[in-house]
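Please look at the sequence and the structure before reading on.

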Amino acid sequence: MAAEPITVVPESAGTDSQVAELGGAPAGGIGTAVVQTKPYVTIVLPCYNEQDHVLAEIERITVAMDASGYSYELVAIDDKSTDGTLARLREAAASYPKLRVVAFRRNGGSGTARRIGTNDARGEIVVWTDADMTYPNERIPDLVGYLDDNPRTDQAVGARTSDQGTHKF
């Protein structure tokens, strides 16, 4: 794995942070700051009307990534769902410290969610996947490992072997 740069961020920064003592108090008189390590992997998870699947998908991704040893963040983007997806994501954030929830004010489509998620990613490697339980997301660490083992490779693509998505036309 690549070295993880460290960034000093305001104390209001949320999860996967640790407090470090600073040499002398800053101007505001506070003697500590939050030091947050940059994750190696960012997983972008666009979500649209996936209230029935999104928690299982978050759990599956989190279990795989926690076991992998890779540092990561999971960015779940609610694309203005009309069901309870956003509420479930917000509830889940309390239990999943590496989960960041982004809520769109209007529906932009999965391409827009992926683009914005990629632009907002803090990780060196960005993974795109779906929240509909059709991709084997437990294999994300395998794809990241492939990229690590093949430094001249810029992209690894996992493809579905069946069409089992939740949105059928």
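The sections below take up the basis of the model, the sheet, the helices and the backbone in turn.

## Basis

This is a predicted model, in which local features need pLDDT of at least 70 and side-chain atom pairs count only at pLDDT 80 or more, while totals for chains, interfaces and linings use all residues. Residues are numbered from 1 along each chain as its sequence is written, and side-chain values use heavy atoms, with hydrogens and water left out.

Helices (H or I, at least four residues) and strands (E, at least two) are DSSP runs, numbered from the N terminus.

## The sheet

Four strands form an open sheet in the order β6-β5-β4-β7, and their pairing is parallel. Two strands count as paired if DSSP finds at least two bridges between them. Strands β6 (99–103) and β7 (125–128) are the edges, each pairing on one side only. On average, neighbouring strands of this sheet are turned by 20 degrees against each other, with direction ignored; axes are lines fitted to C-alpha atoms, for helices over the stretch in contact, and angles run from 0 to 180 degrees between N-to-C directions.

Strand β4 (residues 41–47) runs parallel to β5 (residues 72–78), and seven bridges join the two. The bridge partner of C47 in β5 is D78.

## Helices on the sheet

Helix α2 (residues 85–93) packs on the sheet and touches β4, β5 and β6, where contact means heavy atoms within 4.5 Å. The direction of α2 makes about 150 degrees with that of β6. Helix α4 (residues 140–149) lies across β4 and β7, at about 145 degrees to β7.

Which residues of α4 are buried? They are I140, P141, V144, G145 and L147, buried being under 20% relative accessible area, exposed over 50% and partly exposed in between (1.4 Å probe, protein chains only). These residues are on the same side of α4 because they cover an arc of only 160 degrees around the axis; the arc is that of the directions from the helix axis to the C-beta atoms. Among the elements covering the buried residues of α4 are β4, α1 (54–68) and β7.

## Positive phi in two loops

Most residues other than glycine have a negative phi. K80, which is not a glycine, has a positive phi of about 60 degrees. K80 is found in the loop between β5 and α2, and counts as partly exposed because its relative accessibility is 43%.

M133 is also a residue other than glycine with a positive phi, near 65 degrees. M133 lies in the loop between β7 and α4. At 33% relative accessibility, M133 counts as partly exposed.
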